[in-house]
Amino acid sequence: MSTSVTPGALAGTVGAPAGATSSRRARRRRRFRPAVDLPLLALLAAFILPIGWLVVLAVQPGRNIVSPDWEFGFTTANVLELLGPGRPFAAQLGNSLMIVAGTIVLCLVVGSATGYALSRLTMARWVTLTLLALSAVLPLIPPMALVPGLYVTLNSFGLLGTVQGLILLNTVFNLPFAALLMKVYFDGVPGELREAALVDGASELRVFVQVMVPLARSGLAAVAVFVGIMAWNEFLMGLVMTSGGRTSPLTVGIASLVQPYEVAWGSMAAAGALATVPIIVLAVVANRQIISGLTGGAVK
């Protein structure tokens with residue numbers, strides 16, 4: 001059995017440039033695949049539609065929201081009512097922003113130093129195992145089980161009901177993840193760079209600040225985004241450790257809009273949109289840093 005190859009086909013396969021071949025392969029990979037793409041589109045719609053509906057309700061008059069018919073309008077009264085004088089929403093928004101900023105700073109400073117120590121410094125094996133065990137065990141404990149002890153501790157230090165106290169609590173719960181992620185990142189930095197800097201006379205602190213931290217900035221960005229999202233969405237500690245009103249974070253303020261005899265649907269939708277959309281935009285913009293940070297060190 002003989003096989004004939006036409007000159008055109010031969011030119012199309014052998015003579016084609018490598019770039020054109022890779023482009024055809026990329027187009028083939030981007031081709032619509034119903035078995036895979038349709039479930040993904042369904043999941044994407046299930047994720048986006050509730051958020052889109054929340055934004056729509058935020059700008060609807062109250063009559064349209066409770067109406068059994070599909071009536072649509074546009075008003076900014078819900079947002080203006082939230083931000084109006086005498087309402088605690090602006091103070092709660094400021095509290096959440098300060099909590100997020102403080103938690104990110106503490107987690108980056110302490111987490112990067114801890115990750116560097118676990119990755120590069122020679123410590124006793126029992127110390128390393130103890131730190132890793134504590135980092136792994138703390139996230140497994142239900143936060144509600146820690147509330148009585150944390151409440152008494154904050155009250156003893158005069159931090160109960162303050163933003164500083166909530167910053168410390170959010171740091172405690174997010175620091176293990178930050179430290180472990182930074183350790184993975186520092187593991188991926190070649191050790192020869194640290195050794196060369198030490199041979200040149202640099203101190204360990206200078207090596208950490210001027211050599212290792214700049215090389216791990218993708219990991220720092222991933223930690224900052226992840227910790228910021230977790231601190232922004234935190235609810236339990238804000239509910240238990242504050243007295244509500246202007247001392248509480250934004251998440252507690254949204255929950256307080258549900259009253260025993262009235263539910264302010266328009267205000268709830270506006271508050272939910274103002275609390276949700278910025279963090280989603282941040283996650284979308286920083287998705288590359290998040291993915292690279294979470295997968296950093298997975299392949300060496």
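Axes are lines fitted to C-alpha atoms, for helices over the stretch in contact, and angles run from 0 to 180 degrees between N-to-C directions. The model shown in these views is predicted, so that local features need pLDDT of at least 70 and side-chain atom pairs count only at pLDDT 80 or more, while totals for chains, interfaces and linings use all residues. Residues are numbered from 1 along each chain as its sequence is written, and side-chain values use heavy atoms, with hydrogens and water left out.

**View A. Packing of helices α12 and α15.** Helix α12 (residues 217–233) packs against helix α15 (residues 265–285) at an angle of about 170°, the axes being 11 Å apart; helices (H or I, at least four residues) are DSSP runs, numbered from the N terminus. That angle makes α12 roughly antiparallel to α15, a term for angles over 145 degrees, where those under 35 count as roughly parallel, 65 to 115 as roughly perpendicular and the rest as oblique. Gly228, Ile229 and Trp232 of α12 meet Ala275, Ile279 and Ala283 of α15, contact meaning heavy atoms within 4.5 Å. The residues of this contact divide into five nonpolar, one polar and no charged, where Ala, Val, Leu, Ile, Met, Phe, Trp, Tyr, Cys and Pro count as nonpolar, Asp, Glu, Lys and Arg as charged, and the others, Gly among them, as polar.

**View B. Aromatic pairs.** The structure holds seven aromatic pairs, in which rings of Phe, Tyr and Trp (its six-membered ring) have centres within 6.5 Å, with planes under 30 degrees apart counted as stacked, over 60 as edge-to-face and the rest as tilted. The ring centres of Trp53 and Phe72 lie 6.2 Å apart with the planes at 85°, so this pair is edge-to-face. Trp53 belongs to helix α3 (residues 34–58), whereas Phe72 sits in the loop between α4 (62–66) and α5 (77–83), 19 residues apart. Trp53 counts as partly exposed at 39% relative accessibility and Phe72 as exposed at 52%, given that buried means under 20% relative accessible area, exposed over 50% and partly exposed in between (1.4 Å probe, protein chains only). Tyr116 and Phe186 form another edge-to-face pair, at 5.6 Å centre to centre and 80° between the planes. This pair links helix α6 (residues 89–120), which holds Tyr116, to helix α9 (residues 163–187), which holds Phe186, across 70 residues, and both Tyr116 and Phe186 are buried.

**View C. The surroundings of Met237.** Met237 is found in helix α13 (residues 236–240) and is buried, with a relative accessible area of 2%. Leaving aside neighbours within four places in sequence, Met237 is in contact with Pro143, Val147, Leu150, Leu166, Leu169, Phe173 and Thr242. The C-alpha atoms of Met237 and Leu169 are separated by 7.6 Å, although these residues stand 68 residues apart along the chain.

**View D. Salt bridges.** The count comes to three salt bridges, each a side-chain nitrogen of Lys or Arg within 4 Å of a carboxyl oxygen of Asp or Glu. Arg194 forms one with Glu204, the closest N and O atoms being 3.0 Å apart. Arg194 lies in helix α10 (residues 191–199) and Glu204 in helix α11 (residues 204–215), so the pair ties together parts that are 10 residues apart in sequence. Arg194 is buried at a relative accessible area of 17%, while Glu204 is partly exposed at 27%. Asp187 and Lys183 meet in a salt bridge of 2.9 Å, N to O, and both lie in helix α9, four residues apart, about one turn of the helix.

Terms used
Helix = DSSP H or I, 4+ residues; strand = E, 2+ residues; numbered from the N terminus.
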